[in-house]
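Please find below a note on the structure, arranged as numbered points.

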Amino acid sequence: MKQSDFPLSGQEAAGVARGGMQVSAPAPGWLRIEGVNKRFGAATVLDEITLDVRQGEFLCLLGPSGCGKTTLLRIIAGLEKQDGGVVLMGGRNIGVLPPAQRDYGIVFQSYALFPNLTVAENVAYALRLPRKEKAKRVAQLLEMVELDGKQECYPAQLSGGQQQRIALARALATSPSLLLLDEPLSALDAKVRENLRQELRALQRKLGITAIMVTHDQEEALAIADTIAVMAKGRIEQVGTPEQVYGSPRTRFVADFVGSANWLPVRLNEAGLATVGDISFGHDLPAGARTALAFCRPEDVRVEPHWTAGGSMTMTIVDRVDFLGGVRRGMLSLCADRSVQLIVDVPASEPGYDSLQPGQRVPVSIPPHRVRFFMEGAA
Ligand SMILES: Nc1ncnc2c1ncn2[C@@H]1O[C@H](COP(=O)(O)OP(=O)(O)OP(=O)(O)O)[C@@H](O)[C@H]1O
């Protein structure tokens, strides 16, 4: 990663200016992916991926279409062969084993159930047990996914959400150590998707199983994961908790992909303070830098009831207001420089904000401690 990819604020900025961040190496995970590469023809799809997953952790691989998430999951599963690097599970090099000898269950977006087999036969597919024990285990698994009584149904007789629960029961049938999930909720409608997401998380916690889920949906990843690995163009941009990747993105890509972002072009004024238009953030930029991009989230911007000149407050013009349910999203521009735009989220239920109208002038403030600086031109 280039030095300029790091956001710069306070101590961090000082650290970078002194010649690079001091990052202590994390302890290797229970599942360790080390230096994994993959090419398809001339295209590099995975570029030196290194990732550690703790036992019992729920990790989401999050990124836009084509960034290599599914390929990485398939390499862990042994459904695709890496060109370089290793995959270790509990210290064992599973990267050289065929899929059947790796200890995992997998769920795909398309359910991948056998249409000509009953629910019970689908769930029991991988079970090598005597008949009676098999029936008992199937009943137990169906109870676990709240589909007891559906043993004799065929997949086509079930809803999408129910079919995905069956696929989950089948993946868990042999009590694997690892659960791999490839966009398992993408084909479902919003309400079913949200319910199943919560149930999946509750079940994963209850069983204590390690889970890796591929998704391109940042809201889903934020809601379900212990840890998110944000990917772009075959590389990992950041690994962190949902709070870390949302609140302290390390690259501009992560800031833009996980949630909405405000980017304000700041420059040093004569007093050495970072300013944009008539706002001053009261921060020094990193040594040597005269310009940077100030980043903050829409909910960090405050619409103020009264105008006070100076500091982190500025007068803006409301260009547009969208009602998004829980929040109203205002698109504003600075009166001092109309080319600088701000996205502002205000709680829809708060009195006063429902009267925000296009063309209106409103004072807003951006608390300096909510702002992070990125070098201009960084990825
Ligand atoms: N078997 C294959 N042969 C050739 N190219 C492939 C193959 N599988 C994947 N790719 C290419 O590799 C890149 C990464 O694909 P991958 O499916 O891993 O991405 P992804 O992040 O999971 O995206 P999506 O969410 O769209 O599936 C894409 O450009 C894809 O077209």
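1. Helices (H or I, at least four residues) and strands (E, at least two) are taken as DSSP runs and numbered from the N terminus. On that basis the protein has 9 helices and 21 strands. The model is a predicted one: local features need pLDDT of at least 70, side-chain atom pairs count only at pLDDT 80 or more, and totals for chains, interfaces and linings use all residues. Residue numbers start from 1 along each chain as its sequence is written.

2. The C-alpha trace spans about 80 × 50 × 35 Å along its principal axes. A residue is called buried if 20 or more other C-beta atoms lie within 10 Å of its own, exposed if 12 or fewer, and partly exposed in between, with C-beta atoms placed from the backbone. Of the 379 residues, 36% count as buried. Two residues are in contact if their C-beta atoms, placed from the backbone, lie within 7 Å. Among contacts with a separation of 6 or more, 65% come from residues 24 or more positions apart.

3. Within α2, the buried residues include Lys69, Thr71, Leu72 and Ile76.

4. Strands pair if DSSP finds at least two bridges between them. Strand β12 (residues 262-268) runs antiparallel to β15 and is joined to it by 6 bridges. β12 also pairs with strand β13 (residues 274-276), in the antiparallel sense, over 2 bridges. Arginine 267 stands opposite threonine 291 in β15, and its bridge partner in β13 is threonine 275. The hairpin of β12 and β13 has 5 residues between the strands, and in it glycine 272 takes a positive phi near 80°.

5. Where is arginine 290 found? Arginine 290 is in the loop between β14 (279-280) and β15 (291-296). Is arginine 290 buried or exposed? Arginine 290 is exposed because 10 other C-beta atoms lie within 10 Å. Leaving aside neighbours within four places in sequence, arginine 290 is in contact with Arg267 and Leu268. The C-alpha atoms of arginine 290 and alanine 274 are separated by 8.5 Å, with the two residues 16 apart along the chain.
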